[in-house]
Every structure is written in C-alpha cells, then in structure tokens.
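I opened the model to look up its salt bridges and its pockets. My notes follow in the order I made them.

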Amino acid sequence: MTDLSTYRNIGIFAHVDAGKTTTTERILKLTGKIHKTGEVHDGAATTDFMEQEQERGITIQSAATSCFWDGHRFNIIDTPGHVDFTIEVYRSLKVLDGGIGVFCGSGGVEPQSETNWRYANNSKVARVIFVNKLDRLGADFYSVVDQVKNVLAAKPLVMVLPIGIEDEFKGVVDLLTMKAWIWDDSGLPENYEITDIPADMVEKAQQYRETLIETAVEQDDDLLEAYLEGEEPSIEDLKRCIRKGTIALAFFPTFCGSAYKNKGIQNVLNGVVDYLPSPTEVPPQPEVDLEGNETGEFAIVDPNEPLRALAFKIMDDRYGALTFTRIYSGRIAKGDTVLNTYTGKTERIGRIVEMHANSREEIDSAQAGDIVALLGMKNTQTGHTLADPKDPATLEPMVFPDPVISIAIAAKDKAGTEKMGIALGKMIAEDPSFSVETDPETGESIMKGMGELHLDIKVDILKRTHGIDVIVGKPQVAYKETITKAVDDSYTHKKQTGGSGQFGKIDYSIEPLVSEEGETYEFESVVTGGNVPREYWQAIGNAFGKMMVEGTLAGYPLVNVKFTLRDGAYHAVDSSTMAFEAATRAAYRQSIPKAAPQLLEPIMKVDVFTPEDNVGDVIGDLNRRRGMIKNQEKGAMGVRVKAEIPLAEMFGYIGDLRTITSGRGQFSMEFSHYSPAPKNVADEVIAEAQARKEARHA
C-alpha cells in the first residue's frame, strides 16, 4: 500500500522565458532522473521533445514526468508559458495539488504570469514561488517580491535571501536555519557548502526571519501567544505553520536562485516536500450529475473507494493515443473495464505507463493520487471521467474557451487530403481549444484556434510531424452577429398541390437577449388556445436555433436573440413538424434583416512590455490599431502598457513591435469580449463576405 503523504503532484508554470523548462531539467538532474542536463537554448531539454518546441525554445505541450526527492515522489507537469497555449496550463492545474510559480529575476511578474496565477487561484492550487535567473543583468529579487505583492495581490513569504546578485550571485541564506548555502563555480548542483551567513547580511537576514516567524505563527494561536511572550518557536513548529498557511493559500513560500547555474534548486525541492500538499490534503473533487450540477458527493482520495479518474490530456505518438489521467480515488489495473460517464460506454485499459517526458515505464496498476498515461482508450476525450461501472459518477468537467481566429487550409494533392483528415482528427483530440470545420460551399477545411502562433504551430505539425504539404489561407477573425431592435412579425408556409400539402402559420417576436447565464438564444412559447399545437413548439424553437449558425449580414453566427412564439394557425391534415420548421426558417430570413442586425468583433486584452524610450511610439501604434489604453505601469526594466484592441488589428503585431523597440518589446494577448464593430469596419467585412459568396457561385 503506497503512502500517499509522500506524493506531490505539482506543476511548473510561468511567463514565456522565465525558465520553467530549465528549472524542470535541473530538478530531474538533481533527483537522478536524467544524467546529462539538456538546455532549452540548444533544443535539448527533456520535456521539450516536440521539434517545434526545440526550434522555437518554447514549451507548447505540457509534459508529464515523475522523480523522487527525500523519500517523496514528485509527479511534475512542465506547462507552456505562451498565452496561445494557456489551455495546457489550465487543464494541468485542474489535476495538480500544488505548483511552482517561476518568475524571472529581471523580468519580474510578466503578463502571462498574471493569467497563470489567476488560473491557479481559480483552481485553488497551493504554490511556492521561485525567483529564477538571479545571475542575469538587471536581476533584483526584492523588486520581484514587491511585484508579487502589488501586481498579483499575493503574499510572498520570503524563505531565502540571495547572496550577491548578477555576476556575483553565488548562493542563498536559509532564513529558517540561518545558514548560508554557497555553490562553487563548477556549475554542479551538488558542489555547495553550508556555512555561516556573510557578516554584511546578518542584520537583513534577522529582519526577514522575524517577518517570516510573525507570519507563520499566525497559523497557530498557542504558538502566537508563546511568541508574543518572547518564546521563539522551533524549526519543526515553524515548518508545520508554514505548511498549514501555504495549503490554505494564506501566503506563498518564496525561494530564489539560478536554474541555469544550478544554484538554489535544492531549497525549492525541500520547499515542495515541506510545504506543498499531498493528494489527501487538498479538498476532494466534487462529483456532478450529467447536467453538470453538483450532487454533494466527493471523490475521496483513497485507493479503497470506487474508481474516479479524470482524463486531462490526449497525446498521440508512435505507440497510439496516450490518455493522461489523474486518479482521484480507487485503483485501476491493466485489463480492467472502466466506464466513461460522458459517453456512457465502457472501455478496456490496454496498458498503463508512467511517463518520463517522452519515454515511458510500463506498470501493472495505479491508484488514487497517481498521474499516469493509459493506452488503448478509444473514445475518451479531454475532460471525460472514468469511473467504476458498478458505481458510476462524473467529476466536474473542464470548460474550454471558444476559438477567436481561423484560417482556411487545404492539402496540395488528393493523397494529402486523406492524410490531413486523419491528422486533424488526432490534433483535435489532443487540443480542445483547437477545432476544424468544413465550409459546406467551398469544401475547404477551416482551422480555428486561440491566436496566430497557435495556428502557426498546428500548420507546422501538419507539415513536419504528419508530412502533409498544405496551402494556408489568410487568418480570419471569428466575428459574430446580433440584433439591436425588437420585431413583431408573422409568416405562413403554404404548399397545396395534389395530395397532402404543407401548412404552418406562426406569429412571433424576436428581440435582443440579455442573459446573465451567458446564453445566446432563448425560445419561449406563449401560444394559448391550441392555435399551434404543443407538439410543434420544440421543432419551431430548434429550427430557429439552427438557423442562427449563419447570420444575414455576413454569414457569421448570430447570438443573443430571444424568439417568442405568440400565435399562429394549423391545418388538421396539411400541418406537420416539417411544415412548421419550413415556416420558421423562412421567418428567420424575413425578420432578422428587419431587426437592425449588427456585426460584433472580438476584442483582445493586450499586455505590451516596452523599453521606456519607445513608450510613445508603442502607444501611438496601439491607437492606430483602434486600441483603448487601459493603464501603464513603470517597472525596473521598462513599461507595461495594457490595452483592449480588436483582434482584426493585431495580425502581424509582433513584427511591428520588434521594429519599434529594436527587438526588445514583448506582448501577450487573450480574448476579452465581443463588441459592436464600427460602421466602416462592418461595411468592409460585409463586402468581403458578399464577394466570397459571389465568387463561390460564379
């Protein structure tokens, strides 16, 4: 029986380039999992095993690995930092118990760090903080600690202080033991000595230790009372209090170092063991019914309870589809039959593997607390629950954002078209924020995703991983349409030829819908007296809802409409479901243009980092892109400008930003909301849609 108190399911997350993957590499080296450390900038990192990751030096997929430290088992997930791939961070946080938030010592709290921190807050994940890259020019540990307080509104609990900075960085002061850890210049993590604190740091270390103790003992009334009476708590008591506060999200133990130079990693690993929760110490997962409502039952982390497991990621490789699964309760063994509560079908578990980045170790069984990959799952998708067929239950599912950008894509030849269909199917299973539709008129495949880089990587995967030559169209914005005026109207569908005819009359009103639940369509019938028999109501409501897939302005989906069936008439012989559906479709085409339809465009939250000298030019450029500047924040390294800008104006922005800032600017963006498009923009989009339609019919 495994002791779950020695398990730590953790994720490493941060902004692009803060050093998450390098930190993971150092952890694997220190824990003996790998013998030669791979570097991100050489494209040789263990967890960055996709060609695209190695070339670009960024993490795209979250990778899972496990290792051991101080008698504890770590299941680690290294997540991407780029905003287009936050879906990976979100779904990883969903199944983790704790995390390491990595911040760059010179860049500090960067735009994407905020998004990831917010996700972690929403998922109630306990974290320790690692301020990395203290050997870099411009690094400032104390400034980053202030940013964590001010920008993230979080409470960092400083556990170590840096000794030296930039080129002089050589170690840390451990505030619990009041000893200095000094590494030599060999770059080997094990080459360190524990000595007395440098004389010039003693006073500062004492001040910080006092703050540390005061914050920690607030978690225990007896210790607090004793401390106020002059009795200092033991290190054991302090660790217990820090653990309690960390798990309660009252504060975040904060460490520092340089992953690249192998300094300070041991302290972080000790912090994970000492302060982050085991699977049994986090609130159990709520169970829900098929409608998504909580049932009041919970998946208790216990191998002897019925099976509850969540598939959080699908990855396709040369051995077939791997289903990454977090087991919350119960156990699974090779050959077991489990129930997928989403599909209602049972599946047989072929093999169970423990992942180490892209290599694997086969095991016979796994239990509550484990994160494993299953082979042989045919119909299981991301977010599905696997349960005991004799005792089924569903875990809270994952919610994924709608894509905001699309491109048309076609294979260059017929053989490629068949291959592309299979490849796209696998890619959709792997990434729920990516979808593909076929344009019914042109037959083109339309890929939809979260941003330019997201789709760029997908095209790259098609070309290189699957060897398909593709032609790629221009990026398209996912516009929507809505109505701004209420309309009362009536329509009669009448077809009387020899034999049985068709008849259906509907009197109705359509109006703009304001929904707090975020619904985009509502149907209501207030018909009395049986003028339209009840059995046709649902067909009418459904037919109108189906028509909303294509608006009347430019063919984009129609949203936020309420359709009320007020009255009508039917014929005892000629009326049918089909007749009323035909009446509804014609009513849609007749009345939507009368309801003052309006084009909506996606607005993005944009966060730009620029050196101070270029702020004026950057803001001028954002204004030209119809941007609304929300605020500016001056930092040690430059200025952050936050703005809201239509997605249509952001294509190719990274190139322009680099030109303006001589390559030093960075930006991140994420979807914010839909907003009415100005008339000149709407006219242009509608004209383009019209031209496309005419070209198809020509």
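Entry 1. I began with Glu354 and Arg73, whose side chains meet in a salt bridge with an N to O distance of 3.0 Å. Glu354 sits in strand β19 (residues 351-356) and Arg73 in strand β3 (residues 72-78), so this pair ties together parts that are 281 residues apart in sequence. I checked both residues for burial: Glu354 is buried, and so is Arg73. The model is a predicted one, and I read these values as computed from it.

Entry 2. I turned to Asp274 and Lys239, which also form a salt bridge, at 3.4 Å from N to O. Here the partners are in helices: Asp274 is in α9 (residues 265-275) and Lys239 is in α8 (residues 235-247), so the pair ties together parts that are 35 residues apart in sequence. Asp274 has a relative accessibility of 23%, so I noted this residue as partly exposed. Lys239 has 26% and is partly exposed.

Entry 3. I then looked up Glu522 and Lys562, a salt bridge whose closest N and O atoms are 3.6 Å apart. Glu522 belongs to strand β33 (residues 521-525) and Lys562 to strand β34 (residues 561-569), so the bridge ties together parts that are 40 residues apart in sequence.

Entry 4. For the whole structure I recorded 28 salt bridges.

Entry 5. I moved on to the largest pocket. How many residues line the largest pocket, and which lie nearest its centre? The lining has 47 residues, and Glu437, Asp439, Lys448, Gly555 and Tyr556 are those nearest the centre. I wrote down a volume of about 1500 Å³ for this pocket.

Entry 6. The strands are β25 (405-411), β26 (435-438), β27 (445-449) and β29 (476-477). The helices are α12 (537-547), α13 (577-591) and α16 (679-697).

Entry 7. Last, I sorted the lining of the largest pocket by residue class. I recorded 22 nonpolar, 11 polar and 14 charged residues.

Key: Residues are numbered from 1 along each chain as its sequence is written. This is a predicted model: local features need pLDDT of at least 70, side-chain atom pairs count only at pLDDT 80 or more; totals for chains, interfaces and linings use all residues. Side-chain values use heavy atoms; hydrogens and water are left out. On a 1 Å grid over the protein atoms alone, a cavity is a set of points where a 1.4 Å probe fits but cannot get out, and a pocket is an open set with protein on both sides within 12 Å along at least five of seven lines; lining residues have an atom within 4 Å of a point. Grid points are joined across faces, edges and corners, and a volume is the space filled by probe spheres set on the points. Helices (H or I, at least four residues) and strands (E, at least two) are DSSP runs, numbered from the N terminus. Ala, Val, Leu, Ile, Met, Phe, Trp, Tyr, Cys and Pro count as nonpolar, Asp, Glu, Lys and Arg as charged, and the others, Gly among them, as polar. A salt bridge is a side-chain nitrogen of Lys or Arg within 4 Å of a carboxyl oxygen of Asp or Glu. Buried means under 20% relative accessible area, exposed over 50%, partly exposed in between (1.4 Å probe, protein chains only).
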